[in-house]
Amino acid sequence: MTRPATILLTALAPISWGTTYAVTTEFLPADRPLFTGLMRALPAGLLLLALARVLPKGAWWGKAAVLGALNIGAFFPLLFLSAYRLPGGMAAVVGSVGPLLVVGLSALLLGQRPTARSVITGVVAAFGVSLVVLKAAGALDVVGVLAAFASAASMSAGTVLTKRWGRPEGVGPLALTGWQLTAGGLLIAPVALFVEGAPPALDSRAVGGYLYLALANTAISYWLWFRGIGRLSATQVTFLGPLSPLTAAIVGWAALGQSLTPVQVAGMAVAFGATVAGQLGQSGSSVRGGARTVRRSFGFAERNGRKDSMDVTGSALRR
C-alpha cells in the first residue's frame, strides 16, 4: 500500500473520534465518564481478541498493559471527563497540544531531533483549532482543562511508545489493538465500579451510542490508528489529530444546528493546512517484497549495528 493511501486510512481514525463529543452529549447517560470509557474499550477489545486469537507472550504482557493504560485506560476516562465538564470546543483546543507533546517525546524516546518545521506546524495547528472553537461558551473548569491536557499527554506517550516498541514478530495490528483495548478496559472496570457505582439503566439511544463508540469509533478506528503508527512516523501520525476537532465542528454544524463564523472557517483551513504540512517531509517506512518492515533508528543501537525493526505483516482486517 502506498504512503498516501496509508495516511488516508489512518486519517479515518481521528475523523471518527471527532464524533465522540456529539455522541457523548446527545446519546449517553450524563456524568458517567468512567462507565462510558469502559463500554467503549472492553467490548471492542474482546471482539478484536476473538478475531485475532493471539495473546501476548513474555515481556509483551507488561508492554501491552502499559500501552493499554496510556492509550486506553487513562486516556478514555480523562477524555470523557473533559467532554462532560467542558464545551467540546474547549476540550478540543486543550487536546490540540498533542502533536507538540509527541514531537518532544519522540526526541526523548526515539532519538528524533525536533525540527523547527514540526514545532511551528504544531503551533499553527493548535492556533487553527483555537480559532475553530473561538465561540465555545461556558466557564473555565479547571478539572476539565486538566483532564483534557492529561488525556492528550497520555495518548501522546502511548503513541510514541507504540512506535518505539513496535510489535512482536508475526503479530499484526489487529491483535495489538485488541491487547490494548482489553487491558485498558480491565483497568477502567474496577475504578468505574468504585467511583460511579452500579451501571446506569440504558435506553435504546444509549445502547445505540455505546455500540457506535465500541465498534466504529474504537475497534475499527484504533485498528487503523495503530496500523498507521507502524507504517508512518509518530510525528506524522499525530499531526492527523487536528482532524478530530475539525470533524467535531462540522458535525456540530451539520447535525446539531451550531453555526460557523468566517473566523471559524478560516481556523479550519489553517488547522487542515497544518495537518497536510505535518505529512510532508516526514520519514515513512520502507516496504520490501511481501513483508513490510518499518525501520526505526535509535541512535547508539543503529551505530552498533543492531537491527531495530517492526514487522508489520498482519491481519488483512487492520489497515
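The model is predicted: local features need pLDDT of at least 70, side-chain atom pairs count only at pLDDT 80 or more, and totals for chains, interfaces and linings use all residues. Residues are numbered from 1 along each chain as its sequence is written, and side-chain values use heavy atoms, with hydrogens and water left out.

Buried residues make up 50% of the 319 in the chain; buried means under 20% relative accessible area with a 1.4 Å probe, protein chains only. Of the contacts (heavy atoms within 4.5 Å) with a separation of 6 or more, 88% are between residues 24 or more positions apart.

Now to α4, residues 60-73. How far does α4 span between its end C-alpha atoms? The span is only 17 Å, while a straight helix of 14 residues would span 20 Å. The expected span is 1.5 Å times one less than the number of residues.

Trp-60, Ala-64, Leu-67 and Gly-68 are among the buried residues of α4. The buried residues of α4 pack against α3, α5, α9, α10 and α11.

Next, the core. The largest nonpolar core has 46 residues; such a core is a set of buried Ala, Val, Leu, Ile, Met, Phe, Trp, Tyr and Cys residues joined through side-chain atoms within 4.5 Å. Phe-76, Trp-179, Tyr-222 and Trp-225 have the most contacts inside this core. Helices that each supply at least two of its residues include α1, α4 and α6. The most comes from α3, with 8 residues.

Technical notes. Helix = DSSP H or I, 4+ residues; strand = E, 2+ residues; numbered from the N terminus.
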